[in-house]
Amino acid sequence: MNSFSSTPIVAIATPPGRGAVGIVRVSGKDIAPLVRALCGRDLKPREATYLPFVDAAGEAIDHGLALYFPAPHSFTGEDVLELQAHGGPVVMQLLLARCLEAGAELDAATQKQRLAGLRVAQPGEFTQRAFLNDKMDLAQAEAVADLIDASTEAAARGATRSLSGEFSKEVHSLRDALIHLRMLVEATLDFPEEEIDFLQKADAAGQLSRLQATLARVVQRTSQGALLREGIKVVIAGQPNAGKSSLLNALAGAELAIVTPIAGTTRDKVQQTIQIDGVPLHIIDTAGLRHSEDEVEKIGIERAWAEIENADAVLFLHDLVRWNDVAESANYQAADAAIASQLASLLPARVPVIQVWNKVDAAKSQQAEVANGKNVELNEASVNISVSAKNGQGLETLRQTLLQVAGWQPAAEGVYIARERHVQALRQVSAHLDLAEGQLKAKSQALDLLAEELRLAQNDLSTITGEFTSDDLLGVIFSKFCIGK
């Protein structure tokens with residue numbers, strides 16, 4: 001750990017604003033003198049003590065609980081002091097200022113530089129120190145932030161599993177199997193005259209096959225965990241007055257968007273995160289897609305297309321009544337076809353488009369069958385569902401379809417939270433193992449290339465837990481934490 005990261009740090013560990021309790025946290029080496037300066041006495045380790053927190057003149061700033069955790073038995077692995085006071089912003093700032101003041105005073109008085117450089121912590125620095133001091137690995141450290149940011153109960157439970165080390169155990173198990181396989185190949189390189197028999201007797205091909213099968217299961221579970229954390233972005237698109245805002249309100253269970261018979265009511269995006277079976281879905285209602293001379297509406301339509309371009313899934317809404325209306329159907333269907341053509345050219349084939357045929361409650365019975373027989377030409381990932389945003393008909397089918405296109409498996413048990421970087425790292429591992437398998441099966445085995453693919457696979461695997469991780473990546477990860485954590 002470098003000298004910058006070993007300087008003592010202090011921060012308010014609770015969110016800004018008023019609250020019943022606020023916490024100021026200090027971490028560093030040998031902070032016992034600071035404990036005495038703030039609390040007026042020594043504290044018993046890991047025992048909450050009610051006392052006054054005092055300023056330089058010995059006057060009480062506030063009364064509260066103080067807890068002292070001597071190294072290495074603390075969250076960061078260093079000495080840690082937590083002051084639990086009343087949660088007013090002024091009290092918190094006074095305690096923070098007193099910590100910094102006391103640190104400077106102690107440096108000047110003792111001339112031993114015990115608390116040299118005591119400063120306000122950067123975002124995530126407490127957790128970063130826990131990682132650097134081997135109190136947790138990188139995947140567990142990330143789970144701290146994921147638990148705080150969890151938007152659903154399922155995500156919170158998954159983050160708790162990752163924080164407890166379940167995900168890390170899976171990664172370590174894969175790493176151990178990979179190291180054993182590498183050992184066989186590396187040993188064979190030292191005895192080239194025996195390489196074929198040695199690898200065959202050790203069942204290197206079987207070990208690699210089992211490793212790939214285990215990795216596939218971990219990738220599947222990790223993808224589910226990443227979905228719990230990230231969710232998917234779903235954009236509702238279609239012509240004006242197709243019922244987009246009504247559908248958003250129906251899915252969210254609240255009146256979020258304004259609904260009127262006037263075309264072009266929605267001028268900008270309206271976003272709401274909902275959860276279905278614990279999976280967060282970020283639903284975005286957009287302006288109706290049509291040609292318009294209204295400058296404000298044109299901006300809204302441009303923003304709608306921008307959202308569609310970055311969507312993970314699109315709900316393409318059709319007005320079932322107008323689709324079949326004798327007077328309107330030709331123009332309406334032509335406009336839908338034009339939108340579909342633009343969607344098809346804009347979206348990758350992998351992005352699912354759910355064609356939602358709305359207002360089935362108002363359509364005649366023969367018109368309602370359109371969702372089963374009609375299909376606006378789109379990509380191969382397109383599916384059709386008929387609904388009524390007004391009375392809720394078909395909404396449950398739509399919800400389950402959204403889960404399916406997201407890749408969620410409702411029966412998944414014990415899913416741990418994960419990040420997209422974990423999924424990408426595991427896919428890289430899989431790619432290297434596939435190349436290694438090719439080398440192993442080749443008639444003229446190139447064992448040096450086989451060994452290199454296994455080494456690269458191990459490196460990619462180690463980036464997940466932080467055993468092989470660049471400082472730049474650490475900076476990106478911890479900078480997104482909240483201050484005081």
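The model is predicted, so local features need pLDDT of at least 70 and side-chain atom pairs count only at pLDDT 80 or more, while totals for chains, interfaces and linings use all residues. Residues are numbered from 1 along each chain as its sequence is written, and side-chain values use heavy atoms, without hydrogens and water.

**Helices 11 and 13**

I looked up the axes of helix 11 (residues 295–309) and helix 13 (residues 329–346), which come within 10 Å and cross at roughly 45 degrees. Axes are lines fitted to C-alpha atoms, for helices over the stretch in contact, with angles from 0 to 180 degrees between N-to-C directions. Helices (H or I, at least four residues) and strands (E, at least two) are DSSP runs numbered from the N terminus. The two helices are therefore oblique to each other; angles under 35 degrees count as roughly parallel, over 145 as roughly antiparallel, 65 to 115 as roughly perpendicular and the rest as oblique. I listed Trp305, Ile308 and Glu309 of helix 11 against Ile339, Gln342, Leu343 and Leu346 of helix 13, contact meaning heavy atoms within 4.5 Å.

**Helices 9 and 17**

I then took helix 9 (residues 204–230) and helix 17 (residues 420–441), whose axes come within 9 Å and cross at roughly 160 degrees. Helix 9 is therefore roughly antiparallel to helix 17, and this crossing is left-handed. Among the contact residues I noted Leu208, Leu211 and Leu215 of helix 9 and Leu426, Val429 and Leu433 of helix 17.

**Nonpolar cores**

I found 36 residues in the largest nonpolar core, where Leu247, Leu281, Leu315 and Leu398 have the most contacts inside it. Such a core is a set of buried Ala, Val, Leu, Ile, Met, Phe, Trp, Tyr and Cys residues joined through side-chain atoms within 4.5 Å. Helix 16 (residues 395–406) gives the largest share of this core, four residues. A second, separate core of 29 residues includes Leu181, Leu211, Val429 and Ala436.

**Lys233**

I checked Lys233, which lies in strand 7 (residues 232–238). Lys233 is buried, at a relative accessible area of 19%; buried means under 20%, exposed over 50% and partly exposed in between (1.4 Å probe, protein chains only). Not counting residues up to four places away in sequence, Lys233 touches His282, Ile284, Glu307, Asn310, Ala311, Asp312 and Ala313.

Key
Left-handed = near helix turned anticlockwise from the far one by under 90°.
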